[in-house]
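Colleague: I have a list of labels for this structure and want to know what stands behind each one. Can you take them in turn?

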Amino acid sequence: MEFKDYYKILGVDEDASKSEIKSAYRKLARKYHPDVSKEADAEDHFKEVSEAYEVLKDDEKRAEYDQLRKYGQTADGGFDPPPDWESGASFSRGGFTGADSMDFSDFFESIFGGAGGGFRQQRGQGFAMRGEDLHHQLSLFLEEAYNGCEKSLRMQQPEPGPDGGVQRRERTLKVKVPAGVRDGQTIRLRGQGGPGMGSGPDGDLYLDIQIAPHPHFRLEGGDLYVTVPVTPWEAALGGRITVPTMGGKATLTIPEGTREGKKLRLRGKGMPGKTAGDQYVVLQIAMPPKQTERSRDLFRELGEEVPFNPRDHLGV
Amino acid sequence: MSSRTPQAEMMDELMRLTLRDLCHDCQVNAEYVIELVEFGVVQPREGRSPREWIFAGEDLVRVKKAERLRRDLDVNLPGVALSLDLLEEVRELRRRVDELEKDRTRD
C-alpha cells in the first residue's frame with residue numbers, strides 16, 4: 001500500500017498549526033472542488049485533500065498518523081500498518097466530509113477504519129440511513145445525445161462485505177440515455193447510488209452530461225447550428241439546396257440575393273424532446289477552387305453588368 | 001455486475017417537484033430550501049407559498065450543487081448564490097471561447 005503524506009498533500013510543514021492546516025485545506029478545496037475546477041483529475045485531488053484534512057484537523061487522528069508516519073513507512077516508500085494496530089480515533093460518517101467518507105483511500109481505512117465500522121455497528125439496531133448520492137460525468141458524442149444511446153459505466157462502489165467491513169466492488173452499470181439530452185444537463189438514475197445502511201434506501205446516481213464538440217454541428221441549448229457553403233450563383237439566384245441535419249438530409253429554399261452569414265431556420269430539426277429545438281443553417285459563400293478561361297470571362301462580364309462597390313461603407 | 005438497464009430521468013424544466021420532493025431527493029430540510037429561495041439560489045417555477053411551490057429538475061441539481069459548495073468550501077448562502085451564478089457564466093463563456101477557437105482554426 002502506498003503511504004500518503006498528508007502534510008505534503010496539503011503543502012504544510014509537519015509542525016503546522018491548526019489554522020495553517022485549515023487555511024491550506026480551504027485554498028486547495030476551492031482549487032480542486034469538482035463543481036468549480038476544470039482540471040481533469042480535480043475529483044481525485046479533492047478527495048485526497050479532504051482525506052488529508054479529515055486526519056490533520058483532528059488532534060487524536062493527527063497524533064496517530066504522526067506516529068505511523070514515523071514508524072510505519074517501509075523502505076520503498078510503501079506502508080504496512082502494524083499487525084496489532086487499532087485506531088483510538090474511531091471514524092464515523094457525518095461531519096464536514098462525511099458524505100464523501102466512503103471514498104477515502106485504502107490507506108486511510110487501514111489506519112482509521114472506514115464506513116465499514118458503521119455497517120457493523122449500525123446493523124440490528126433499527127438504524128436506517130439512505131445511501132449517498134453519487135455524481136459522475138458522462139461524455140457523449142452529439143449523435144449519441146441526439147439519438148439516445150446505451151452506455152456502460154464502470155464504477156468503484158464501496159459496500160458492506162460478509163464480515164461487516166467495507167469492500168470495494170467494481171460495478172458495471174448500463175445506462176439508457178434518453179434521446180435529446182443537452183450539454184450541461186443532468187440525468188438521474190434512481191437507486192443506483194451508494195447502498196443504504198440498515199433498512200435505508202439506496203442513494204441516486206447523477207450523471208452530468210458533456211457533449212463532445214462536433215466537426216460540423218454546434219449545439220446551443222436545444223438548437224443546432226451548421227454552416228453550409230453555397231456557390232455565388234446559388235446565393236445570387238436563390239433556389240433549393242440540400243443541407244445536413246442530425247436526422248438526415250433536408251431541403252432548404254434560399255432566397256434570391258442571399259448574403260454571407262444569412263441564418264435560415266429549420267423548425268423542430270434541433271435536439272429532440274418534448275419541446276424540440278430548431279436547426280439554424282448559416283450560409284457561407286464559397287468560391288470554386290479553380291477558374292477556367294470561360295468562367296473568368298463570365299465573372300468579368302458580371303462585373304461590368306452589375307455596378308457594385310461592397311466597400312462603399314468603408315469610404316473607399 | 002448489474003444486468004438491469006435503468007432508465008435515466010432528465011433533470012430538466014419539465015420535471016415537476018414539490019418542496020417535499022426536493023427536500024427528500026436532496027436530503028435537506030424545508031427551512032433550508034426556503035432560505036435558498038430567499039437568497040435567490042433557486043426560484044420556484046410556480047406557487048406563492050412554500051406549500052404550493054413547484055420546482056423543476058434543474059433546481060434540484062442547483063440545490064445539490066449549492067449544498068456541496070456550502071459543505072465542502074464553507075461558503076455562506078450569499079456566497080453560494082454568487083458562486084453558482086458565476087460558475088454558470090464561466091461555463092457559458094468557456095463554451096463560446098471553444099466555439100471561437102474552433103472557427104479560428106478552421107479559417
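The talk below goes through the labels one by one.

Modeller: A word on the source comes before the labels. This is a predicted model, where local features need pLDDT of at least 70, side-chain atom pairs count only at pLDDT 80 or more, and totals for chains, interfaces and linings use all residues. Residues are numbered from 1 along each chain as its sequence is written, while chains are lettered from A and ligands numbered from 1 in the order in which they are written.

Colleague: How do you know how many helices and strands there are in chain A?

Modeller: Helices (H or I, at least four residues) and strands (E, at least two) are DSSP runs, numbered from the N terminus. On that count chain A has nine helices and 13 strands.

Colleague: What makes β5(A) and β1(B) a pair?

Modeller: Two strands pair if DSSP finds at least two bridges between them. β5(A) and β1(B) have two bridges, in the antiparallel sense. Therefore they count as a pair. One bridge sets Ile187(A) against Met10(B). Ile187(A) also stands opposite Leu207(A) in β7(A). There, β5 (186-189) and β7 (205-211) of chain A pair antiparallel over four bridges.

Colleague: What is the order of the sheet that includes β1(B)?

Modeller: The order is β2(A)-β7(A)-β5(A)-β1(B), an open sheet of four strands with mixed pairing. β2 (134-140) of chain A and β1 (9-10) of chain B stand at the edges; each has a single partner strand, so one side of each is left without a neighbour in the sheet.

Colleague: Why is Met10(B) called buried?

Modeller: A residue is buried if 20 or more other C-beta atoms lie within 10 Å of its own, exposed if 12 or fewer, and partly exposed in between; C-beta atoms are placed from the backbone. Met10(B) has 21 such atoms, so it is buried. By that rule, 26% of the 316 residues of chain A count as buried.

Colleague: What is Met10(B) in contact with, beyond its neighbours within four places in sequence?

Modeller: Two residues are in contact if their C-beta atoms, placed from the backbone, lie within 7 Å. For Met10(B), the partners are Pro178(A), Val181(A), Gln185(A), Ile187(A), Met15(B) and Gly57(B).

Colleague: What makes up the side of chain A that touches chain B?

Modeller: 27 residues of chain A are in contact with 24 residues of chain B. α2 (18-32), β4 (166-177) and β5 of chain A each supply at least two residues of that side. β4(A) gives the most, with seven. By class, there are ten nonpolar, six polar and eleven charged residues. Here Ala, Val, Leu, Ile, Met, Phe, Trp, Tyr, Cys and Pro count as nonpolar, Asp, Glu, Lys and Arg as charged, and the others, Gly among them, as polar.

Colleague: What is the largest nonpolar core?

Modeller: A nonpolar core is a set of buried Ala, Val, Leu, Ile, Met, Phe, Trp, Tyr and Cys residues joined through C-beta atoms within 7 Å. The largest has 38 residues, and Ile187(A), Leu22(B), Phe55(B), Leu60(B) and Val63(B) have the most contacts inside it. Leu60(B) is in contact with Leu22(B) and Phe55(B), among others. A second, separate core of 20 residues includes Leu28(A), Tyr32(A), Val55(A) and Phe104(A).
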